[in-house]
Amino acid sequence: PRPILLTRHGESLDNVRARIGGDSSLSETGLLYSRKLASFIEKRLASERTASIWTSTLQRSILTAHPIIGFPKIQWRALDEINAGICDGMTYEEIKKIKPEEYESRSKDKLRYRYPRGESYLDVIQRLEPVIIELERQRAPVVVISHQAVLRALYAYFADRPLEELPNIEIPLHTIIEIQMGVAGVQEKRYKLMD
Ligand code: G3H
């Protein structure tokens with residue numbers, strides 16, 4: 001059965017500064033991950049005749065895919081990180097201080113809370129529908145290089161996790177989550193390439 005490999009982008013400069021959103025490039029550590037990921041993919045997919053690499057349209061995702069050669073790459077806007085609207089570019093500390101009402105309502109209902117001029121997790125789940133349909137249609141392996149909130153939604157779908165749990169699922173950096181869909185159901189493996 002064909003695997004789906006899910007990974008976040010390598011550590012970005014905004015990850016280092018603890019800022020959410022934005023479109024920053026990778027840190028040195030993130031660049032190192034992009035190279036490790038490429039050699040992992042090369043080995044893991046060595047016996048496959050075809051496969052494709054799906055990224056978002058954001059720099060950190062595209063740059064993480066950059067060292068991977070030999071497979072077609074497709075950019076999906078639907079794989080972009082949750083839009084934090086007026087909070088884009090802020091740290092959680094800043095949101096707490098400058099927009100305490102927003103911070104408060106989000107912590108009360110993270111699934112349904114929509115950032116002003118941005119998105120909620122429910123919005124992200126909805127925009128991922130065409131991606132999921134296309135993923136299920138694929139016969140060859142797909143490597144999805146995306147972002148934390150988006151991968152929570154994809155993972156919850158494939159691993160059949162409850163909606164209410166979805167916004168808090170841990171999707172660590174520098175780790176590949178491999179999902180295999182077979183007759184016996186869904187199997188999962190994790191490969192941690194770096195700390
Ligand atoms: O930038 C956004 C984060 O990846 C999503 O994290 O939904 O836990 O705040 P959060």
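Colleague: Which residues are around the ligand, and what makes them count as near?
Modeller: In this predicted model, the shell consists of Ile20, Gly21, Glu81, Ile82, His147, Gln148, Ala149 and Pro167.

Colleague: What makes β1 and β5 a pair?
Modeller: Pairing requires at least two bridges, and strand β1 (residues 3-8) has four with strand β5 (residues 175-182), so the two are called paired. Their sense is antiparallel, and Ile4 has Ile179 of β5 as its bridge partner.

Colleague: How do you know that β5 also pairs with β6?
Modeller: Eight bridges join β5 to strand β6 (residues 185-192), against the required two, so this too is a pair. The two strands run antiparallel, and a hairpin of two residues connects them. Within this pairing, Ile176 stands opposite Tyr191, while Met181 has Val186 as its bridge partner.

Colleague: What is the order of the strands in the sheet, and which stand at the edges?
Modeller: The six strands form an open sheet in the order β3-β2-β4-β1-β5-β6, with mixed pairing. β3 (73-75) and β6 each have a single partner strand, so one side of each lacks a neighbour in the sheet. From one strand to the next the twist averages 20°. Helix α8 packs on this sheet, touching β1, β4, β5 and β6, and its direction makes about 150° with that of β1.

Colleague: Why is β6 said to lie largely in the open?
Modeller: A buried residue has 20 or more other C-beta atoms within 10 Å of its own. Of the eight residues of β6, zero are buried, so the strand lies largely in the open.

Colleague: Which residues have the most contacts inside the largest nonpolar core?
Modeller: That core has 37 residues, and those with the most contacts inside it are Leu6, Val143, Val144 and Ala153. Elements giving two or more residues to it include β1, β4 (142-146), α8 (148-158) and β5. The largest share, six residues, comes from α8.

Colleague: With which residues is Val144 in contact, beyond its neighbours within four places in sequence?
Modeller: Its partners are Ile4, Leu5, Leu6, Trp54, Leu79 and Leu154.

Notes. Residues are numbered from 1 along each chain as its sequence is written. This is a predicted model: local features need pLDDT of at least 70, side-chain atom pairs count only at pLDDT 80 or more; totals for chains, interfaces and linings use all residues. A residue is near a molecule or strand if its C-beta atom, placed from the backbone, lies within 6 Å of it. A nonpolar core is a set of buried Ala, Val, Leu, Ile, Met, Phe, Trp, Tyr and Cys residues joined through C-beta atoms within 7 Å. A residue is buried if 20 or more other C-beta atoms lie within 10 Å of its own, exposed if 12 or fewer, and partly exposed in between; C-beta atoms are placed from the backbone. Two residues are in contact if their C-beta atoms, placed from the backbone, lie within 7 Å. Axes are lines fitted to C-alpha atoms, for helices over the stretch in contact, and angles run from 0 to 180 degrees between N-to-C directions.
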